[in-house]
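I opened my notebook to look up a few things in one structure. Here are my entries, topic by topic.

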Amino acid sequence: MSLLHHDARSEALAQLSCFRGEFYSCLTARSDALFELADAVLCGDGPVRSLAELSLVGEHRRGHGGLYAALARGRIDAGRLRRALAEVPLPRAADGRLVLAIDITCWLRPDAHTSPQRILCHTYGRGKDQHIPVPGWPYSIVCALEPGRSSWTAPLDALRLTPGDDTATVTARQLRDLLQRLITTGQWQTGDPDILIVADAGYDAPRLGFLLKDLPVQVLARMRSDRVLRRAVPPRLPHTQGRPPRHGGEFVFGQPDTWATPDTETVTDTRLYGQATARSWNRLHPKLTHRSSWAAADGTLPIVEGTVIRLDIAHLPSGATPKPVWLWWSGTDATPADADRLWQAYLRRFDIEHTFRLFKQTLGWTSPKIRTPEAADRWTWLVLAAYAQLRLAHPLAADLRRPWERPTSPDRLTPARVRRAFRHIRPQAACPAQAPKHSRPGPGRPPGRKNTRPTPRHDVHTPRKTPSTNQRTKKSTTPRPRRTG
């Protein structure tokens, strides 16, 4: 082993030990049980299927009763854990900027009638062209993206949406708090490139850009292909009478005759999609109205200008017919290099789907049948802390492959393979959790006594509908006279 490689391993081990110590300090109640529960998630032989089976892992030295009690009555300092996640080394793009992806993933609980604060979550892929709402707990998760082809991300924050929350407002507040932590911890300094936030079509990109305009960020999001934007107002001619217009001509995504000549156009050869053509139009904005997220705004609504990018590719790896991708960027005056950088950054956004799949299928994020949303939040933070330890242990992991798997270089190991080797790395890192104390079992419930407390039932939150005018009009209750003769 070379001296340089030894120094790199020592530095990675020191970072892992430091984070584990800080993570233990964030556990303010039942800290030993919660810490060993996170180690059991990391050191299990296969995917996590239930919480009770985690008590059989050797790294968890307590029984299944203490495991459930830790999730039900433990406490985690979420603010301190958020700062700890923001202090770890984060991946950066080729130009040195941070690229953050935000998305909402749902913990579906359709049969948990006793669990409060459930919301109808839209699910995709459960049938051909079927989008079925299923009750559950939606979580908004922010991750830092890797620059190249990778299944790794760096989760930085998780926030559960409660009934009645406006997605754009809650997301803007979550991003604002995260950006303040990144600035405080030195991840962004004056003179660095603006942080790029990438989102999918479910977010209102102009509103996010408007709410975060005082911060060093840029918003890039996909738009639906049926949107209609407006151009900037042309210069006003002399001696023109009447009120000056606020919006220019229409830019209809589905009507090419309204596009005019693009400001930039680039052609790039890609490995998976063939020839990729990107065209951009500068200074386009939506015509806002006092509805939806802007219903509570007073006075004249703002004009949020940005750049629209249309991406066309030659083919898809699956053989399906490719559709154009429309992107909206909160910046203006984009150059051809900016257009290429932006659509490539958007394609990296899909790496967050690999993280969600690992959370649910390997780390067992949605496997426990937890009743209260507070316990669900504790379990979510344990999963995020476990994934952060996998990232820090990546330089220390060896390729413990199965006989039917192909060999992989250490720098190309996936999170699942690093988890396979974490049991051998754990003895080298700090483990502040203490062994459990021996105690006698309690007396239990007296014979002949039963629990007579009624179990509360919580219905799924659905938006309240305003009755229409016809429904508010009462029908006449005067009986009609009967016909005679």
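**Entry 1: a helix and its cover.** I note at the start that this model is predicted. I began with helix α4, which runs over residues 64-73. Which of its residues are buried? I found L67, A69, A70 and L71. I recalled that an α-helix has 3.6 residues a turn, so residues three or four places apart point the same way. Next I asked what covers the buried residues of α4. The cover includes α2 (31-43), α3 (51-54) and α10 (373-393).

**Entry 2: the cysteines.** How many disulfides does the structure hold? I counted zero. I reminded myself that a disulfide is a covalent bond between the sulfur atoms of two cysteines. Then I checked C106, which is in no disulfide. Its nearest cysteine sulfur belongs to C121, 3.4 Å away. Is C106 buried or exposed? It counts as buried, because its relative accessibility is 17% and the limit for buried is under 20%.

C143 is in no disulfide either. For C143, the nearest cysteine sulfur is that of C106, at 15 Å. C143 counts as buried because its relative accessibility is 0%.

**Entry 3: a residue in a loop.** Where does D194 sit? I found D194 in the loop between α6 (167-184) and β7 (195-199). D194 counts as partly exposed, because its relative accessibility is 28%. I left aside the neighbours of D194 within four places in sequence and listed its other contacts. They are R97, W188, P216, V217 and Q218. I also looked up D194 against R453, which is 259 residues apart from D194 along the chain. Their C-alpha atoms are separated by 56 Å.

**Entry 4: the second largest pocket.** What is the volume of the second largest pocket? I wrote down about 850 Å³. I then looked up its lining, which has 31 residues. Closest to the centre of this pocket are P147, R149, Q344, L347 and R348. Which one gives the largest share? I found that α8 does, with five residues. Last, I sorted the lining by class. I got 13 nonpolar, seven polar and 11 charged residues.

Methods: Residues are numbered from 1 along each chain as its sequence is written. This is a predicted model: local features need pLDDT of at least 70, side-chain atom pairs count only at pLDDT 80 or more; totals for chains, interfaces and linings use all residues. Side-chain values use heavy atoms; hydrogens and water are left out. Helices (H or I, at least four residues) and strands (E, at least two) are DSSP runs, numbered from the N terminus. Buried means under 20% relative accessible area, exposed over 50%, partly exposed in between (1.4 Å probe, protein chains only). Contact means heavy atoms within 4.5 Å. A disulfide is a pair of cysteine sulfur atoms within 2.5 Å. On a 1 Å grid over the protein atoms alone, a cavity is a set of points where a 1.4 Å probe fits but cannot get out, and a pocket is an open set with protein on both sides within 12 Å along at least five of seven lines; lining residues have an atom within 4 Å of a point. Grid points are joined across faces, edges and corners, and a volume is the space filled by probe spheres set on the points. Ala, Val, Leu, Ile, Met, Phe, Trp, Tyr, Cys and Pro count as nonpolar, Asp, Glu, Lys and Arg as charged, and the others, Gly among them, as polar.
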